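Hi everyone, thanks for coming along. I'd like to walk you through a structure that may be new to you, so please have a look at it while I talk.

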There are 2 protein chains.
Amino acid sequence: MNEEFASRLLENAVTELSRLPGVGRKTALRLALHLLRRDEAEGVALGQAIIDMRRNIRYCSVCHNISETEICDICSSPRRDHSTVCVVENISDVMSIERTRQFFGVYHVLGGVISPMDGIGPDALQIDSLVERVASGDIGEVILALSATMEGDTTNFYIFRKLAPYPQVRVTQLARGMSVGNELEYTDEVTLGRSLLQRTLFTDSFN
Amino acid sequence: MNEEFASRLLENAVTELSRLPGVGRKTALRLALHLLRRDEAEGVALGQAIIDMRRNIRYCSVCHNISETEICDICSSPRRDHSTVCVVENISDVMSIERTRQFFGVYHVLGGVISPMDGIGPDALQIDSLVERVASGDIGEVILALSATMEGDTTNFYIFRKLAPYPQVRVTQLARGMSVGNELEYTDEVTLGRSLLQRTLFTDSFN
């Protein structure tokens, strides 16, 4: 035991808390002491919520988003367009896209992107199950909504080739261009180039 | 359930995490998703460490610092000076003072300071037990090491009066003055005034 902590229980909690992203040892200590100052019930509730989530969370067997049921609410909704599948990296991307209220199709969560540097190959991701969905279903469009990074592009390209045997499926990707609200002067030249090449017809409706 | 989260388990974890100081709802979601990406064992270990700490932590029956045993390592050490008691607000203050390696006495953790604004009166703090220690023991000096705030000063004064019936005990407080490394120009005038009034004899040893 590190003498400083006076209690193995405190030290252990600090060690585990400091594994969280962006939480250093000092912050972990601050969090632990906060929990000690508050009611016992509050600390136990936090610990139990983390354990419950980690032990019992389920993933939709169709789209691999987190779910309360075998098939998630989106995949089982009759109000969603099941012929349009939006491919995303992870769960939080589903939340981001849902928040836009501009998408009414369904999702397919890959669980990451291909990244040889991090030892993540295509087999670690839900790519085969995506191909199966496309092969077996009435899917008309697959929207690739991955990050605009090299890893995202690699994954896009890999999926695009995997879907080549199914020419009835339109494969699209998110538009790349200037961020809404950004000034032209501060937009990098690669993005600006893309924005030019993929310019769209001007309309007077705000979209 | 908030629709955004797709799972009550995730939502619950996010809610509990966002009760931590400095953790907003966005950060809480980031932490929860991080835990979902990592091994189940890591998340369970964090949850369990928090529960264990909150349920089983013990406090020293003498000084009220956290402890593994009935009486903490400091209070039971024969190498510490048991006639000098340093009064601090909370557990982390003990750690701070221990880190200075300048104090060889024992502690008394109040559990806070008197703060009418927050509804904390003297009865909520370990002041009576301090008076008992002084009344029953061979204590020669009580060092008041509270924050240099109005609440700290109030508490200092309260304790000072409570210890008045024991004139054999010297009551001291931490020196207030310029921080080491600070420039005079940027020291506030109250602190500078104190530094002047409480000036010490110059010696050529670095202390």
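Let me begin with a question: what do the buried residues of α2(B) pack against? Keep in mind that this is a predicted model. The answer draws on both chains: from chain A there are α3, β1 (58-59), β2 (66-67) and α4, and from chain B there are α1 and α3. The buried residues themselves are Ala28(B), Leu29(B), Leu31(B), Ala32(B), Leu33(B), His34(B), Leu35(B) and Leu36(B). As for the helix, α2(B) has 13 residues and spans 18 Å from its first C-alpha to its last, close to the 18 Å expected at 1.5 Å a residue.

Now let's turn to how the two chains meet. Chain A and chain B bury about 5000 Å² between them, and 71% of that is on carbon and sulfur atoms. On the chain A side, Leu36(A), Met53(A) and Arg54(A) lose the most area to chain B, together 14% of what that side buries. Each chain brings residues to the contact: 53 from chain A and 53 from chain B.

How many salt bridges are there between chain A and chain B? The count is two. Arg8(A) forms a salt bridge with Glu68(B), where the closest N and O atoms are 3.1 Å apart. On the side of chain A that touches chain B, the elements giving two or more residues are α1, α2, α3, β2 and α4 of chain A. The most comes from α3(A), with 16 residues.

So let's look at that helix. α3(A) has 17 residues and reaches 24 Å from its first C-alpha to its last, close to the 24 Å expected at 1.5 Å a residue. Its buried residues include Val44(A), Leu46(A), Ile50(A), Met53(A) and Arg54(A). Those buried in α3(A) pack against α2 of chain A, and also against α1, α2 and α3 of chain B.

Next, the nonpolar core. Which residues touch the most other members of the largest one? They are Leu10(A) and Leu10(B), in a core of 44 residues. The elements that give two or more residues to this core are α1 (8-17), α2 (25-37), α3 (40-56) and α4 (91-100) of chain A, along with α1 (8-17), α2 (25-37), α3 (40-56) and α4 (91-100) of chain B. Leu10(B) has neighbours on both chains: it touches Met53(A), Ile57(A), Ile66(A) and Met95(A), among others, and on its own chain the list includes Phe5(B), Leu29(B) and Leu36(B).

His108(A) sits in strand β4 (residues 105-109) of chain A. Is it buried or exposed? His108(A) counts as buried because its relative accessibility is 0%. Its side chain makes a polar contact of 3.1 Å with the side chain of Arg133(A). Other residues that His108(A) touches include Cys63(A), His64(A), Val87(A) and Leu130(A).

A polar contact of 2.9 Å links its side chain to that of Asp153(A). Among the residues Arg176(A) touches are Ser147(A), Asn156(A) and Arg194(A).

Terms used:
Residues numbered from 1 in each chain as written. Chains lettered and ligands numbered in written order. Predicted model: local features only at pLDDT ≥ 70, side-chain atom pairs only at ≥ 80, totals over all residues. Heavy atoms only, no water. Polar contact = N/O pair within 3.5 Å; in protein donor to acceptor, adjacent residues only side chain to side chain. Contact = heavy atoms within 4.5 Å. Core = buried A, V, L, I, M, F, W, Y, C linked by side-chain atoms within 4.5 Å. Buried < 20%, exposed > 50% of the residue type's maximum accessible area, 1.4 Å probe, protein only. Helix = DSSP H or I, 4+ residues; strand = E, 2+ residues; numbered from the N terminus. Expected span 1.5 Å × (residues − 1). Buried area = accessible area lost by both parts, 1.4 Å probe. Salt bridge = Lys/Arg side-chain N within 4 Å of Asp/Glu carboxyl O. Lists of a residue's contacts leave out its neighbours within four places in sequence.
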